[in-house]
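Dear colleague,

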Amino acid sequence: MSSSPHIRDKVTSSNIMLMVVIALLPASAFGVYNFGIPALIVLISTTVSAVLTEYIYEKLMHKKITINDWSAVVTGLLLGLNMPASAPWWMGALGSVFAILVVKQLFGGLGQNFMNPALGARCFLLISFAGPMTKFVYDGVSGPTPLATLKDGGSVDSMKMLIGTIPGTIGETSVIAIIIGAVFLIMLGIIDLRIPGTYIVSFVIFVGIFGPFTKAHVGFFDPQYITAHLCGGGLMLGAWFMATDYVTSPITKKGQYVYGILLGVLTGLFRLFGGSAEGVSYAIIISNLLVPLIERVTLPKPFGKGGEK
């Protein structure tokens, strides 16, 4: 006899986190290739700072050291991938400290955080340092992202957006690199299609219906317009690697579908009618906060007394 859980599996949290790190390597490698050494510096800064913050905090609080579970590495790497390569290294380090200390550790550590730590830190940096966090340099030239151009009614090259040879954050530009990592996680059974699939389909429906009411001057369900929105910004990175976070997403199957629909609608709403061309980070964070309510509504009712007959 032993304490619960009685159903055990050889897969551990550290195994899962390590696989996520491996899945993020294609996007990380392309980001460094695309933006050069500055991107590598940002990624190293955020990752190392996240691990050090977790170690120092747990050491000072006399808690078990958990840096071997790779969760801090995942947080730091995701934060780095969500930052522009032109951002100074200290900004990435500050963001990692916020992610690990404020969003994760002060709420109990891994499994207790109420929102995705990397996205929480990105939003913190966007509010605190709006200029550097929205300045994108590509081939030595500062300019708007394709999504910003699209929002203003301009035309974009969807093929370049698919490959990733465009300005943007380090890890969001190449859809191909992100999909390679996502397929790897799906094949290992670490994630499934419920949340990202529902997210993407809901977003496509929202953009297809409401796109004509923007400055883009497109028809309903315009293929090129929808493709550009799918390939631009952090939608793919967010859908496959952050919306699927075990801690901050619903555990019920119905809840995951509701969660995905909410993500798609909020992202479309922020992108089409908000002040910014992007909206993935805020959509995921708001949805994270609503997860307890979603789970309460979608929790299966027990059979028998007090439940369904």
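Helices (H or I, at least four residues) and strands (E, at least two) are DSSP runs, numbered from the N terminus. This is a predicted model, in which local features need pLDDT of at least 70 and side-chain atom pairs count only at pLDDT 80 or more, while totals for chains, interfaces and linings use all residues. Residues are numbered from 1 along each chain as its sequence is written, and side-chain values use heavy atoms, with hydrogens and water left out.

I begin with helix α11, which spans residues 223-231. Its buried residues (under 20% relative accessible area, with exposed being over 50% and partly exposed in between; 1.4 Å probe, protein chains only) are Y225, I226, A228, H229, L230 and C231. These make contact (heavy atoms within 4.5 Å) with several helices, including α7 (146-151), α10 (194-210) and α13 (253-273). At the start of α11, the backbone nitrogen of Q224 has a side-chain oxygen of D222 within 3.3 Å. After the helix comes G233, with a positive phi near 70 degrees.

The loop between α10 and α11 also deserves attention. Most residues other than glycine have a negative phi. H217, in this loop, has a positive phi near 55 degrees, and H217 counts as exposed because its relative accessibility is 71%. F221 is found in the loop between α10 and α11 as well; its phi is positive, about 55 degrees, and at 43% relative accessibility F221 counts as partly exposed.

Turning to aromatic residues, the structure holds 9 aromatic pairs. Rings of Phe, Tyr and Trp (its six-membered ring) pair if their centres lie within 6.5 Å; planes under 30 degrees apart count as stacked, over 60 as edge-to-face and the rest as tilted. F35 and Y138 are edge-to-face, because their ring centres are 6.1 Å apart and their planes stand at 80 degrees. This pair links helix α1 (residues 13-35) to strand β1 (residues 137-138), 103 residues apart. Both partners count as buried, F35 at 12% relative accessibility and Y138 at 17%. The rings of F210 and F273 are likewise edge-to-face, with centres 6.4 Å apart and planes at 80 degrees. F210 lies in helix α10 and F273 in helix α13, so the pair ties together parts 63 residues apart in sequence. F210 counts as partly exposed at 32% relative accessibility, as does F273 at 44%. One aromatic cluster is formed by F206, F210, F213, F220 and F273.

Methods. Polar contact = N/O pair within 3.5 Å; in protein donor to acceptor, adjacent residues only side chain to side chain.
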